[in-house]
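Thanks for coming. I have one structure to go through today, so please have a look at it before I start.

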Amino acid sequence: MSTTGATADPLAALGSLPGVAESVESVRKAVDRVYGHRIMRRRSNEITSEAALRGSRGSAALSGADWALEEVRRRTDFSGDAEARTVGAALRLTAEAGQLLSIWRQSPLRVLARLHLVAAADKADQVGRPRQEGEPVDEPLVELPLPGAAEAHGRLEGLAELIIAGGSAPALVTAAVVHGELMALRPFTSHNGLVARAAERIVLIGSGLDPKSVCPAEVGHAELGRAAYLAALDGYVSGTPEGMSAWIAHCGRAVELGARESTAVCEALQRGAA
């Protein structure tokens, strides 16, 4: 996405693309159904905790570590092989995201750097900062064209300016653009997918659409499948109105599926089965 142009609020302008208003309304209804469930009035902390676990599992699956939920729940050591480290990174990011909400609107670049630091969990020189020219990017499951470091830096700054400026764009649109732009740019040398999905979560929570974080979009993205995820990202990267609206709709469907997952958890708790 080009974050500069004729419109004063390019994110809000995306809301007028064909089908986007329908996606926004469908997401709002799905979120309202979860928040209106009687279990949410008494046990919302349990729903939030379960949504965090399931969201982490979904994000890790999209990054190549497709573990069963019970395996993620059972494990305590994530320092073993690459898949275990990916799952551990996803869990850490989900836990960290809630601590960064107050910083996001003032300093999104600082938050993104912190997310990368948490995901990478080491002190290598490349960690916690955007990549420099010539540094490779370890994101083997994403085959989109990789912008040069200078372009990535410029677009990242532009995205940050839009977030700081605020605007009237629906939360779904802003979350989809943040997610899509980070995947398109892959501004870090690793863990870009995990960071992008954590940033999407921060926008959805901080915007007030999902303040208790019980509608994990990561669950929906995983359920829709990696092939559909990458195809929708291709649409975003194309920059065409059709591609952008298809990506926003894909993100909206992911939030709806996350909401459905938490509704099922509420129903199970109500039945006393969980």
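Predicted model: local features only at pLDDT ≥ 70, side-chain atom pairs only at ≥ 80, totals over all residues.

Residues are numbered from 1 along each chain as its sequence is written, and side-chain values use heavy atoms, with hydrogens and water left out.

Helices here are DSSP runs of H or I with at least four residues, strands are runs of E with at least two, and both are numbered from the N terminus. Let me begin with α7, residues 108-120. The expected span of a helix is 1.5 Å times one less than its number of residues. For the 13 residues of α7 that gives 18 Å, and the end C-alpha atoms are 18 Å apart, which agrees.

Which residues of α7 are buried? Buried means under 20% relative accessible area, exposed means over 50%, and partly exposed is in between, with a 1.4 Å probe and protein chains only. In α7 the buried ones are P108, V111, L112, A113, L115, H116, V118, A119 and A120. They pack against α5 (82-97), α6 (101-104), α8 (149-165), α9 (171-185) and α10 (192-206), where contact means heavy atoms within 4.5 Å.

A121, which follows α7, has a positive phi near 55°, although A121 is not a glycine. Most residues other than glycine have a negative phi. A121 is exposed, because its relative accessible area is 51%.

P130 lies in that loop too. P130 counts as partly exposed because its relative accessible area is 29%. Setting aside residues up to four places away in sequence, P130 touches H153, L156, P187 and F188. P130 and A199 are 69 residues apart in sequence and 15 Å apart in space, C-alpha to C-alpha.

Next, α11 (residues 217-224) and α13 (residues 241-271). Their axes come within 6 Å and cross at roughly 110°. Axes are lines fitted to C-alpha atoms, for helices over the stretch in contact, and angles run from 0 to 180 degrees between N-to-C directions. With 65 to 115 degrees counting as roughly perpendicular, α11 and α13 are therefore roughly perpendicular to each other. On the α11 side, the residues that meet α13 include V219, H221 and L224; on the α13 side, C251, V255 and R260 are among them.

Last, S213, in the loop between α10 and α11. S213 has a positive phi near 55° and is not a glycine. Is S213 buried or exposed? S213 counts as buried, because its relative accessibility is 11%.

Notes
Parallel < 35°, antiparallel > 145°, perpendicular 65-115°, else oblique.
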